[in-house]
Amino acid sequence: TNPALASVVQALGVLFPGVRRTAKPGDTWADTSHISNSSGPRRQTGEVVATWKVISSDSGAMVLQGRSESHTRTEDGSGQVMTMTGGSTEDVVVPASGPVRRASIETSNGMSITGPQLPQPVPGKNGGTLTLTPLP
């Protein structure tokens with residue numbers, strides 16, 4: 001898993017969120033994505049649950065706050081397994097059409113790698129901030 005590429009993929013999803021254009025302040029909803037990928041002996045499974053709330057409107061755009069939780073498990077076929085749990089918070093301004101006007105994303109991930117050659121699990125943590133702002 002490439003953290004830099006993951007940030008770009010997440011940014012694209014935030015640029016064009018799947019938001020009902022009829023949503024109004026106070027509306028909330030949740031989206032669940034299931035992960036199931038295989039390539040040769042490698043297999044990845046998991047789930048991402050994102051919750052959203054329309055906080056207000058701003059010059060015809062919706063102001064959203066979101067939160068997501070993810071759990072993934074990646075097996076490489078040799079007995080090595082990486083489990084990852086992550087979370088993020090998002091603040092997004094979505095116009096009536098087109099990409100978002102602004103967005104801010106805070107992420108935090110914890111992971112553990114186990115395998116037949118490892119005497120104990122190898123832990124890891126990462127986090128980041130991504131801010132999207134329009135150019136003048």
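**Exercise 1.** Which residues of the largest nonpolar core touch the most other members?

*Solution.* The model is predicted, so local features need pLDDT of at least 70 and side-chain atom pairs count only at pLDDT 80 or more, while totals for chains, interfaces and linings use all residues. Residues are numbered from 1 along each chain as its sequence is written, and side-chain values use heavy atoms, without hydrogens and water. A nonpolar core is a set of buried Ala, Val, Leu, Ile, Met, Phe, Trp, Tyr and Cys residues joined through side-chain atoms within 4.5 Å, where buried means under 20% relative accessible area, exposed over 50% and partly exposed in between (1.4 Å probe, protein chains only). Of the 13 residues in the largest core, those touching the most other members are Trp29, Trp52, Val54, Met62, Leu64 and Val92. Two or more residues come from each of E2, E3 and strand E4 (81-94), and E2 gives the most, with three.

**Exercise 2.** Identify the salt bridge between Arg102 and Asp58, and state what it joins.

*Solution.* A salt bridge is a side-chain nitrogen of Lys or Arg within 4 Å of a carboxyl oxygen of Asp or Glu. Because Arg102 lies in strand E5 (residues 102-114) and Asp58 in strand E2, the pair ties together parts 44 residues apart in sequence; strands are DSSP runs (E, at least two residues), numbered from the N terminus. Arg102 is partly exposed at 40% relative accessibility, and Asp58 is partly exposed at 28%.

Definitions and conventions: Helix = DSSP H or I, 4+ residues; strand = E, 2+ residues; numbered from the N terminus.
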